[in-house]
Amino acid sequence: MKKKLVSALLSATMVASLLAGCGNNASNSAPASEAAPASEAAPASEAAPASEAAPASEAAPEANAAAGDMTIGIAMPTKSLERWNRDGSYLEEQFKSRGYNVELTYSDNKIDQQVKDIEGLIADNVNLLVIAAIDGESLSQVLAEAKESGIPVVSYDRLIMNTDAVSYYVSFDNYTVGTLQGQYVIDQLDLDNAGDKTYNIEFTAGDPADNNAGFFFNGAYDTLKPYIDAGTLVIPSGQSTFDQVATKQWDTATAMTRMQNILASNYSDGTQLDVALCSNDSTALGVTQAIESDYAGTNTVIITGQDGDEANLANVVDGKQSMTVYKAVANEAVATLDLADAILKGETPDAGLIDSAGWSFDCAYDTESYNNGTGIIPSYLLVPTVVTTENLQKELVDTGYYTMGDDGYPHPVQ
Ligand code: BGC
(Lines give C-alpha, C1' and ligand atoms only; values in the text may rest on other atoms or scores of the structure.)
Protein backbone atom coordinates (compact mmCIF):
# COMPACT_ATOMS: atom_id res chain seq x y z
CA MET A 1 0.00 0.00 0.00
CA LYS A 2 1.26 3.41 -0.82
CA LYS A 3 -0.02 6.94 -0.65
CA LYS A 4 1.44 9.79 -2.61
CA LEU A 5 0.56 13.39 -3.02
CA VAL A 6 -1.77 14.35 -5.83
CA SER A 7 0.50 17.22 -6.72
CA ALA A 8 3.44 14.85 -7.13
CA LEU A 9 1.34 12.63 -9.36
CA LEU A 10 0.18 15.52 -11.43
CA SER A 11 3.57 17.05 -11.91
CA ALA A 12 5.00 13.66 -12.81
CA THR A 13 2.17 13.08 -15.24
CA MET A 14 2.77 16.47 -16.82
CA VAL A 15 6.50 15.74 -17.20
CA ALA A 16 5.68 12.33 -18.64
CA SER A 17 3.22 13.86 -21.09
CA LEU A 18 5.84 16.29 -22.31
CA LEU A 19 8.36 13.49 -22.75
CA ALA A 20 5.86 11.47 -24.70
CA GLY A 21 5.20 14.32 -27.08
CA CYS A 22 1.78 12.87 -27.75
CA GLY A 23 0.13 16.16 -28.36
CA ASN A 24 -1.46 16.30 -24.95
CA ASN A 25 -2.81 19.70 -24.19
CA ALA A 26 -4.32 21.31 -21.19
CA SER A 27 -7.84 20.43 -22.23
CA ASN A 28 -6.90 16.74 -22.17
CA SER A 29 -5.53 16.72 -18.67
CA ALA A 30 -8.11 16.54 -15.94
CA PRO A 31 -8.04 19.14 -13.17
CA ALA A 32 -6.48 17.95 -9.93
CA SER A 33 -9.79 17.24 -8.33
CA GLU A 34 -10.93 15.10 -11.24
CA ALA A 35 -7.74 13.27 -12.16
CA ALA A 36 -6.99 11.41 -8.99
CA PRO A 37 -8.64 12.93 -5.98
CA ALA A 38 -6.70 12.06 -2.86
CA SER A 39 -8.59 9.70 -0.58
CA GLU A 40 -7.30 11.82 2.26
CA ALA A 41 -6.38 15.41 1.75
CA ALA A 42 -2.69 15.94 2.40
CA PRO A 43 -1.87 18.51 5.07
CA ALA A 44 -0.88 21.78 3.42
CA SER A 45 2.64 21.63 4.80
CA GLU A 46 3.28 18.31 3.03
CA ALA A 47 1.95 19.32 -0.33
CA ALA A 48 4.61 19.95 -2.95
CA PRO A 49 3.84 22.81 -5.32
CA ALA A 50 2.46 21.45 -8.57
CA SER A 51 5.31 22.99 -10.53
CA GLU A 52 7.96 20.92 -8.71
CA ALA A 53 8.79 17.70 -10.53
CA ALA A 54 8.46 14.61 -8.38
CA PRO A 55 11.72 12.85 -7.50
CA ALA A 56 12.51 10.06 -9.98
CA SER A 57 11.56 7.29 -7.57
CA GLU A 58 8.12 8.80 -7.06
CA ALA A 59 7.44 9.64 -10.68
CA ALA A 60 4.57 8.09 -12.56
CA PRO A 61 5.67 5.51 -15.14
CA GLU A 62 7.25 7.05 -18.21
CA ALA A 63 4.60 7.52 -20.85
CA ASN A 64 4.41 5.11 -23.73
CA ALA A 65 5.96 6.88 -26.71
CA ALA A 66 3.86 4.73 -29.05
CA ALA A 67 0.56 5.59 -27.33
CA GLY A 68 -0.56 7.85 -30.16
CA ASP A 69 -0.58 4.85 -32.49
CA MET A 70 -2.45 2.65 -30.05
CA THR A 71 -6.15 2.24 -29.35
CA ILE A 72 -7.76 1.02 -26.15
CA GLY A 73 -11.07 -0.81 -26.53
CA ILE A 74 -13.31 -0.19 -23.54
CA ALA A 75 -16.47 -2.30 -23.15
CA MET A 76 -18.87 -1.08 -20.44
CA PRO A 77 -22.09 -2.97 -19.56
CA THR A 78 -24.83 -0.36 -19.70
CA LYS A 79 -25.70 3.30 -19.36
CA SER A 80 -28.80 2.42 -17.37
CA LEU A 81 -26.84 1.73 -14.16
CA GLU A 82 -25.42 5.10 -13.23
CA ARG A 83 -21.88 4.27 -12.22
CA TRP A 84 -20.82 2.83 -15.60
CA ASN A 85 -21.38 6.24 -17.22
CA ARG A 86 -18.83 7.63 -14.81
CA ASP A 87 -16.44 4.71 -15.35
CA GLY A 88 -16.62 5.11 -19.13
CA SER A 89 -15.97 8.86 -18.97
CA TYR A 90 -13.11 8.58 -16.50
CA LEU A 91 -11.44 5.75 -18.43
CA GLU A 92 -11.74 7.58 -21.72
CA GLU A 93 -10.38 10.77 -20.19
CA GLN A 94 -7.45 9.00 -18.53
CA PHE A 95 -6.34 7.05 -21.61
CA LYS A 96 -6.69 10.09 -23.87
CA SER A 97 -4.68 12.19 -21.42
CA ARG A 98 -1.73 9.88 -22.02
CA GLY A 99 -2.09 10.00 -25.78
CA TYR A 100 -4.02 6.78 -26.44
CA ASN A 101 -6.96 6.57 -28.82
CA VAL A 102 -10.10 5.16 -27.27
CA GLU A 103 -13.08 3.18 -28.55
CA LEU A 104 -15.80 3.02 -25.91
CA THR A 105 -18.87 0.77 -26.14
CA TYR A 106 -21.97 0.33 -23.96
CA SER A 107 -24.06 -2.79 -24.50
CA ASP A 108 -27.42 -1.96 -22.92
CA ASN A 109 -27.05 -4.81 -20.40
CA LYS A 110 -27.49 -7.27 -23.28
CA ILE A 111 -25.00 -10.13 -23.29
CA ASP A 112 -25.16 -10.77 -27.07
CA GLN A 113 -24.67 -7.08 -27.72
CA GLN A 114 -21.55 -7.01 -25.55
CA VAL A 115 -20.11 -10.01 -27.38
CA LYS A 116 -20.75 -8.21 -30.68
CA ASP A 117 -19.25 -4.99 -29.35
CA ILE A 118 -16.08 -6.80 -28.26
CA GLU A 119 -15.89 -8.59 -31.63
CA GLY A 120 -16.05 -5.15 -33.25
CA LEU A 121 -13.21 -3.86 -31.07
CA ILE A 122 -11.09 -6.89 -31.98
CA ALA A 123 -11.88 -6.35 -35.68
CA ASP A 124 -10.76 -2.74 -35.26
CA ASN A 125 -7.38 -4.04 -34.05
CA VAL A 126 -7.45 -2.38 -30.65
CA ASN A 127 -4.22 -2.88 -28.74
CA LEU A 128 -5.76 -3.69 -25.36
CA LEU A 129 -9.25 -4.41 -24.03
CA VAL A 130 -10.70 -3.08 -20.78
CA ILE A 131 -13.95 -4.93 -20.07
CA ALA A 132 -16.64 -4.66 -17.40
CA ALA A 133 -18.68 -7.77 -18.20
CA ILE A 134 -22.46 -7.95 -18.15
CA ASP A 135 -22.30 -11.70 -17.58
CA GLY A 136 -18.92 -12.89 -16.38
CA GLU A 137 -19.53 -16.36 -17.78
CA SER A 138 -20.40 -15.40 -21.36
CA LEU A 139 -17.23 -13.98 -22.83
CA SER A 140 -14.99 -17.07 -23.08
CA GLN A 141 -15.43 -17.49 -26.81
CA VAL A 142 -14.97 -13.88 -27.86
CA LEU A 143 -11.99 -13.51 -25.55
CA ALA A 144 -10.40 -16.59 -27.11
CA GLU A 145 -10.46 -14.53 -30.32
CA ALA A 146 -8.81 -11.62 -28.49
CA LYS A 147 -6.11 -13.94 -27.22
CA GLU A 148 -5.51 -15.35 -30.67
CA SER A 149 -5.09 -11.79 -31.95
CA GLY A 150 -2.60 -11.09 -29.16
CA ILE A 151 -4.82 -8.47 -27.47
CA PRO A 152 -4.30 -8.30 -23.70
CA VAL A 153 -7.49 -8.11 -21.61
CA VAL A 154 -7.96 -6.25 -18.32
CA SER A 155 -11.04 -7.34 -16.41
CA TYR A 156 -12.47 -4.10 -15.08
CA ASP A 157 -14.38 -4.06 -11.78
CA ARG A 158 -16.15 -7.39 -12.47
CA LEU A 159 -14.09 -10.55 -12.87
CA ILE A 160 -14.53 -12.32 -16.23
CA MET A 161 -14.84 -16.03 -15.60
CA ASN A 162 -13.64 -19.18 -17.36
CA THR A 163 -11.17 -17.71 -19.80
CA ASP A 164 -7.40 -17.67 -19.73
CA ALA A 165 -7.41 -14.55 -21.91
CA VAL A 166 -7.65 -12.23 -18.89
CA SER A 167 -4.28 -10.89 -17.78
CA TYR A 168 -5.26 -8.73 -14.81
CA TYR A 169 -8.21 -7.63 -12.70
CA VAL A 170 -8.72 -4.07 -11.41
CA SER A 171 -11.47 -3.55 -8.85
CA PHE A 172 -12.23 -2.56 -5.29
CA ASP A 173 -12.04 -5.00 -2.42
CA ASN A 174 -15.52 -6.37 -3.08
CA TYR A 175 -15.80 -8.50 0.07
CA THR A 176 -14.89 -5.47 2.16
CA VAL A 177 -17.77 -3.52 0.58
CA GLY A 178 -20.13 -6.06 2.18
CA THR A 179 -18.33 -6.10 5.52
CA LEU A 180 -18.59 -2.29 5.70
CA GLN A 181 -22.37 -2.54 5.19
CA GLY A 182 -22.66 -5.26 7.84
CA GLN A 183 -20.48 -3.38 10.31
CA TYR A 184 -22.55 -0.24 9.77
CA VAL A 185 -25.65 -2.16 10.86
CA ILE A 186 -23.85 -3.57 13.91
CA ASP A 187 -22.76 -0.08 14.95
CA GLN A 188 -26.10 1.63 14.30
CA LEU A 189 -28.08 -0.92 16.28
CA ASP A 190 -25.31 -1.39 18.84
CA LEU A 191 -25.80 -5.12 18.40
CA ASP A 192 -23.00 -6.03 20.80
CA ASN A 193 -25.06 -4.53 23.63
CA ALA A 194 -28.48 -5.61 22.38
CA GLY A 195 -29.17 -7.88 25.33
CA ASP A 196 -32.55 -9.56 24.72
CA LYS A 197 -33.59 -7.09 22.04
CA THR A 198 -34.16 -8.46 18.54
CA TYR A 199 -34.18 -6.68 15.21
CA ASN A 200 -35.68 -7.64 11.86
CA ILE A 201 -33.57 -7.55 8.72
CA GLU A 202 -34.08 -8.33 5.02
CA PHE A 203 -31.32 -8.79 2.47
CA THR A 204 -31.25 -7.70 -1.18
CA ALA A 205 -28.24 -8.77 -3.25
CA GLY A 206 -27.08 -8.22 -6.84
CA ASP A 207 -27.00 -9.97 -10.18
CA PRO A 208 -25.95 -13.65 -10.08
CA ALA A 209 -24.24 -13.12 -13.47
CA ASP A 210 -21.91 -10.58 -11.80
CA ASN A 211 -19.06 -12.25 -9.92
CA ASN A 212 -18.92 -9.26 -7.54
CA ALA A 213 -22.44 -9.81 -6.27
CA GLY A 214 -21.55 -12.91 -4.24
CA PHE A 215 -18.55 -11.15 -2.68
CA PHE A 216 -20.72 -8.20 -1.57
CA PHE A 217 -23.41 -10.47 -0.13
CA ASN A 218 -20.96 -12.80 1.61
CA GLY A 219 -19.07 -9.88 3.12
CA ALA A 220 -22.27 -8.50 4.64
CA TYR A 221 -23.77 -11.84 5.63
CA ASP A 222 -20.58 -13.21 7.21
CA THR A 223 -20.26 -10.02 9.25
CA LEU A 224 -23.85 -10.26 10.52
CA LYS A 225 -24.00 -14.06 10.86
CA PRO A 226 -22.96 -14.20 14.53
CA TYR A 227 -25.93 -11.94 15.38
CA ILE A 228 -28.29 -13.96 13.17
CA ASP A 229 -27.09 -17.18 14.80
CA ALA A 230 -27.57 -15.64 18.24
CA GLY A 231 -31.15 -14.61 17.37
CA THR A 232 -30.45 -10.89 17.77
CA LEU A 233 -31.06 -10.38 14.07
CA VAL A 234 -34.12 -12.12 12.64
CA ILE A 235 -35.02 -12.53 8.94
CA PRO A 236 -38.85 -12.72 8.93
CA SER A 237 -39.01 -13.67 5.22
CA GLY A 238 -36.60 -16.53 5.85
CA GLN A 239 -34.75 -15.50 2.67
CA SER A 240 -31.13 -15.79 3.69
CA THR A 241 -29.19 -17.34 0.81
CA PHE A 242 -27.66 -15.44 -2.07
CA ASP A 243 -29.92 -17.16 -4.61
CA GLN A 244 -33.02 -16.18 -2.63
CA VAL A 245 -32.10 -12.52 -2.34
CA ALA A 246 -30.35 -11.91 -5.70
CA THR A 247 -31.62 -9.24 -8.13
CA LYS A 248 -31.24 -9.96 -11.83
CA GLN A 249 -29.30 -7.20 -13.61
CA TRP A 250 -29.24 -5.17 -10.39
CA ASP A 251 -32.60 -3.84 -11.54
CA THR A 252 -34.36 -1.22 -9.40
CA ALA A 253 -37.90 -2.27 -10.34
CA THR A 254 -37.13 -5.94 -9.65
CA ALA A 255 -35.76 -5.08 -6.21
CA MET A 256 -38.84 -2.95 -5.52
CA THR A 257 -41.32 -5.69 -6.45
CA ARG A 258 -39.51 -8.30 -4.39
CA MET A 259 -39.50 -6.01 -1.33
CA GLN A 260 -43.19 -5.21 -1.82
CA ASN A 261 -43.91 -8.95 -1.76
CA ILE A 262 -41.80 -9.44 1.35
CA LEU A 263 -43.59 -6.56 3.09
CA ALA A 264 -47.03 -7.93 2.13
CA SER A 265 -46.21 -11.44 3.33
CA ASN A 266 -44.27 -10.69 6.50
CA TYR A 267 -44.87 -7.16 7.74
CA SER A 268 -48.53 -6.32 7.04
CA ASP A 269 -49.41 -7.44 10.61
CA GLY A 270 -47.39 -4.54 12.03
CA THR A 271 -44.09 -6.41 12.34
CA GLN A 272 -41.30 -3.83 12.40
CA LEU A 273 -38.61 -3.87 9.70
CA ASP A 274 -35.38 -2.52 11.15
CA VAL A 275 -32.83 -3.09 8.39
CA ALA A 276 -32.87 -3.49 4.62
CA LEU A 277 -29.35 -4.60 3.77
CA CYS A 278 -28.98 -3.78 0.08
CA SER A 279 -25.78 -4.58 -1.81
CA ASN A 280 -25.83 -1.46 -3.97
CA ASP A 281 -27.63 1.76 -4.77
CA SER A 282 -29.73 0.62 -7.74
CA THR A 283 -31.32 -2.08 -5.58
CA ALA A 284 -31.50 0.22 -2.53
CA LEU A 285 -33.50 2.69 -4.63
CA GLY A 286 -36.15 0.07 -5.39
CA VAL A 287 -36.25 -1.15 -1.81
CA THR A 288 -36.62 2.42 -0.54
CA GLN A 289 -39.52 2.98 -2.94
CA ALA A 290 -41.20 -0.22 -1.72
CA ILE A 291 -40.78 0.84 1.91
CA GLU A 292 -42.17 4.31 1.16
CA SER A 293 -45.23 2.94 -0.59
CA ASP A 294 -45.95 -0.36 1.17
CA TYR A 295 -44.49 -0.37 4.67
CA ALA A 296 -46.96 0.43 7.42
CA GLY A 297 -44.40 1.08 10.17
CA THR A 298 -43.27 4.55 11.16
CA ASN A 299 -39.68 3.79 12.19
CA THR A 300 -36.74 4.79 10.05
CA VAL A 301 -35.49 1.62 8.38
CA ILE A 302 -31.69 1.35 8.09
CA ILE A 303 -30.98 0.99 4.36
CA THR A 304 -27.50 0.34 3.00
CA GLY A 305 -26.17 0.87 -0.53
CA GLN A 306 -23.08 1.20 -2.66
CA ASP A 307 -21.85 3.56 -5.41
CA GLY A 308 -23.02 7.06 -4.50
CA ASP A 309 -25.62 7.22 -7.27
CA GLU A 310 -27.20 10.65 -7.53
CA ALA A 311 -30.72 9.64 -6.47
CA ASN A 312 -29.35 7.63 -3.56
CA LEU A 313 -27.18 10.48 -2.30
CA ALA A 314 -30.28 12.67 -2.37
CA ASN A 315 -31.99 9.98 -0.28
CA VAL A 316 -29.03 9.96 2.12
CA VAL A 317 -29.33 13.75 2.50
CA ASP A 318 -33.09 13.36 3.07
CA GLY A 319 -32.59 10.56 5.61
CA LYS A 320 -34.31 7.91 3.46
CA GLN A 321 -31.15 5.86 2.86
CA SER A 322 -28.69 5.51 5.72
CA MET A 323 -25.37 5.04 3.95
CA THR A 324 -23.67 4.15 0.73
CA VAL A 325 -20.30 2.53 0.20
CA TYR A 326 -18.42 4.82 -2.13
CA LYS A 327 -15.88 3.51 -4.60
CA ALA A 328 -13.84 6.23 -6.27
CA VAL A 329 -14.10 5.09 -9.86
CA ALA A 330 -11.89 8.01 -10.91
CA ASN A 331 -9.06 6.22 -9.10
CA GLU A 332 -10.06 2.85 -10.58
CA ALA A 333 -9.56 4.47 -14.00
CA VAL A 334 -6.12 5.81 -13.00
CA ALA A 335 -5.04 2.35 -11.83
CA THR A 336 -6.34 0.81 -15.06
CA LEU A 337 -4.43 3.33 -17.16
CA ASP A 338 -1.10 2.72 -15.41
CA LEU A 339 -1.59 -1.04 -15.58
CA ALA A 340 -2.51 -0.99 -19.28
CA ASP A 341 0.35 1.38 -20.03
CA ALA A 342 2.83 -1.00 -18.38
CA ILE A 343 1.41 -4.02 -20.25
CA LEU A 344 1.64 -2.19 -23.57
CA LYS A 345 5.26 -1.31 -22.86
CA GLY A 346 5.94 -5.03 -22.61
CA GLU A 347 6.29 -5.10 -18.84
CA THR A 348 4.78 -7.72 -16.52
CA PRO A 349 3.24 -5.55 -13.80
CA ASP A 350 3.13 -6.81 -10.23
CA ALA A 351 3.04 -5.25 -6.76
CA GLY A 352 5.83 -2.92 -7.86
CA LEU A 353 3.41 -1.00 -10.08
CA ILE A 354 1.77 0.46 -6.96
CA ASP A 355 5.07 2.05 -5.92
CA SER A 356 6.23 3.11 -9.34
CA ALA A 357 2.89 4.65 -10.30
CA GLY A 358 2.86 6.87 -7.22
CA TRP A 359 -0.90 6.70 -6.79
CA SER A 360 -2.54 9.07 -4.35
CA PHE A 361 -4.91 6.34 -3.18
CA ASP A 362 -4.52 3.03 -1.37
CA CYS A 363 -4.38 -0.11 -3.45
CA ALA A 364 -3.47 -3.72 -2.69
CA TYR A 365 -1.93 -6.20 -5.10
CA ASP A 366 -3.70 -9.51 -4.54
CA THR A 367 -2.68 -12.87 -5.97
CA GLU A 368 -4.98 -15.04 -3.84
CA SER A 369 -8.61 -13.95 -3.87
CA TYR A 370 -9.80 -14.00 -7.47
CA ASN A 371 -9.78 -17.31 -9.32
CA ASN A 372 -11.73 -17.10 -12.55
CA GLY A 373 -11.91 -20.85 -13.08
CA THR A 374 -8.69 -21.01 -15.08
CA GLY A 375 -6.47 -19.87 -12.22
CA ILE A 376 -5.79 -16.88 -10.03
CA ILE A 377 -6.03 -13.54 -11.81
CA PRO A 378 -3.58 -11.01 -10.33
CA SER A 379 -5.67 -8.17 -8.96
CA TYR A 380 -5.26 -4.52 -8.05
CA LEU A 381 -7.85 -3.80 -5.37
CA LEU A 382 -8.72 -0.29 -4.27
CA VAL A 383 -10.29 0.60 -0.94
CA PRO A 384 -14.00 1.50 -0.52
CA THR A 385 -15.31 4.14 1.92
CA VAL A 386 -18.53 4.40 3.94
CA VAL A 387 -20.42 7.61 3.18
CA THR A 388 -23.18 9.02 5.41
CA THR A 389 -24.57 12.50 5.97
CA GLU A 390 -21.73 13.04 8.45
CA ASN A 391 -18.84 12.73 5.97
CA LEU A 392 -20.55 13.25 2.60
CA GLN A 393 -19.13 16.76 2.17
CA LYS A 394 -15.59 15.65 3.09
CA GLU A 395 -15.48 12.40 1.10
CA LEU A 396 -17.44 13.37 -2.00
CA VAL A 397 -17.51 17.14 -2.40
CA ASP A 398 -14.17 18.28 -0.93
CA THR A 399 -12.42 15.53 -2.93
CA GLY A 400 -13.86 16.93 -6.16
CA TYR A 401 -15.94 13.91 -7.21
CA TYR A 402 -19.25 15.76 -6.71
CA THR A 403 -20.38 19.34 -6.45
CA MET A 404 -22.98 20.41 -3.91
CA GLY A 405 -25.87 21.88 -5.84
CA ASP A 406 -27.93 24.92 -4.83
CA ASP A 407 -30.69 22.36 -4.24
CA GLY A 408 -28.63 20.97 -1.33
CA TYR A 409 -27.92 17.67 -3.08
CA PRO A 410 -24.58 16.36 -4.41
CA HIS A 411 -24.23 15.99 -8.18
CA PRO A 412 -21.44 13.94 -9.81
CA VAL A 413 -18.89 15.91 -11.84
CA GLN A 414 -18.77 13.17 -14.50
C1 BGC B 1 -20.27 -2.99 -9.23
C2 BGC B 1 -21.12 -2.16 -8.31
C3 BGC B 1 -22.44 -1.83 -8.99
C4 BGC B 1 -23.09 -3.05 -9.63
C5 BGC B 1 -24.27 -2.66 -10.49
C6 BGC B 1 -21.07 -4.20 -9.67
O7 BGC B 1 -20.29 -5.02 -10.47
O8 BGC B 1 -19.08 -3.38 -8.57
O9 BGC B 1 -20.42 -0.98 -7.98
O10 BGC B 1 -23.32 -1.31 -8.05
O11 BGC B 1 -22.18 -3.75 -10.42
O12 BGC B 1 -23.92 -1.73 -11.44
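Of the 414 residues in the chain, 50% are buried, where a residue counts as buried if 20 or more other C-beta atoms, placed from the backbone, lie within 10 Å of its own, as exposed if 12 or fewer do, and as partly exposed in between. The model is a predicted one, in which local features need pLDDT of at least 70 and side-chain atom pairs count only at pLDDT 80 or more, whereas totals for chains, interfaces and linings use all residues. Residues are numbered from 1 along each chain as its sequence is written.

Among the contacts with a separation of 6 or more, 75% are accounted for by residues 24 or more positions apart, a contact being a pair of residues whose C-beta atoms, placed from the backbone, lie within 7 Å.

Just after α6, Asp 190 takes a positive phi of about 50°.

The axes of α6 and α7 come within 7 Å and cross at roughly 35°, where axes are lines fitted to C-alpha atoms, for helices over the stretch in contact, and angles run from 0 to 180 degrees between N-to-C directions. The crossing of α6 with α7 is right-handed; a crossing has this hand if the near helix is turned clockwise from the far one by less than a right angle, and is left-handed if the turn is anticlockwise. On the α6 side the residues that meet α7 include Asn 174, Tyr 175, Val 177 and Gly 178, and on the α7 side they include Phe 215, Phe 216, Phe 217 and Asn 218. The residues of this contact of α6 with α7 divide into 8 nonpolar, 11 polar and no charged, with Ala, Val, Leu, Ile, Met, Phe, Trp, Tyr, Cys and Pro counted as nonpolar, Asp, Glu, Lys and Arg as charged, and the others, Gly among them, as polar.

Helix α10 (residues 281-294) is mostly covered, since 10 of its 14 residues are buried, and those buried residues pack against β6 (199-204), α9, β8, β9, α11 and β10. From its first C-alpha to its last, α10 reaches 19 Å, close to the 20 Å expected. The axes of α10 and α11 (residues 310-317) come within 9 Å and cross at roughly 55°, which makes α10 oblique to α11, given that angles under 35 degrees count as roughly parallel, over 145 as roughly antiparallel, 65 to 115 as roughly perpendicular and the rest as oblique. This crossing of α10 and α11 is left-handed, and in it Asp 281, Ala 284, Leu 285 and Thr 288 of α10 meet Ala 311, Asn 312 and Asn 315 of α11. The residues of that contact divide into 3 nonpolar, 3 polar and 1 charged.

A further helix pair is formed by α3 (residues 82-97) and α12 (residues 329-344), whose axes come within 9 Å and cross at roughly 40°, so that α3 is oblique to α12. The crossing of α3 and α12 is right-handed, and the residues of their contact divide into 8 nonpolar, 2 polar and 3 charged.

Asn 125, in the loop between α4 (111-123) and β3 (128-131), has a positive phi near 60° and counts as exposed because it has 11 C-beta neighbours inside 10 Å. Val 126 also lies in the loop between α4 and β3, but counts as buried because it has 24 such neighbours inside 10 Å. Leaving aside neighbours within four places in sequence, Val 126 is in contact with Thr 71, Ile 72, Gly 73, Glu 103, Leu 121 and Ile 151. In the loop between α8 (242-245) and α9 (252-266), Trp 250 has a positive phi of about 55° although it is not a glycine, and Trp 250 is buried, with 27 other C-beta atoms within 10 Å.

Note on methods: Helix = DSSP H or I, 4+ residues; strand = E, 2+ residues; numbered from the N terminus. Contact = placed C-beta atoms within 7 Å. Expected span 1.5 Å × (residues − 1).
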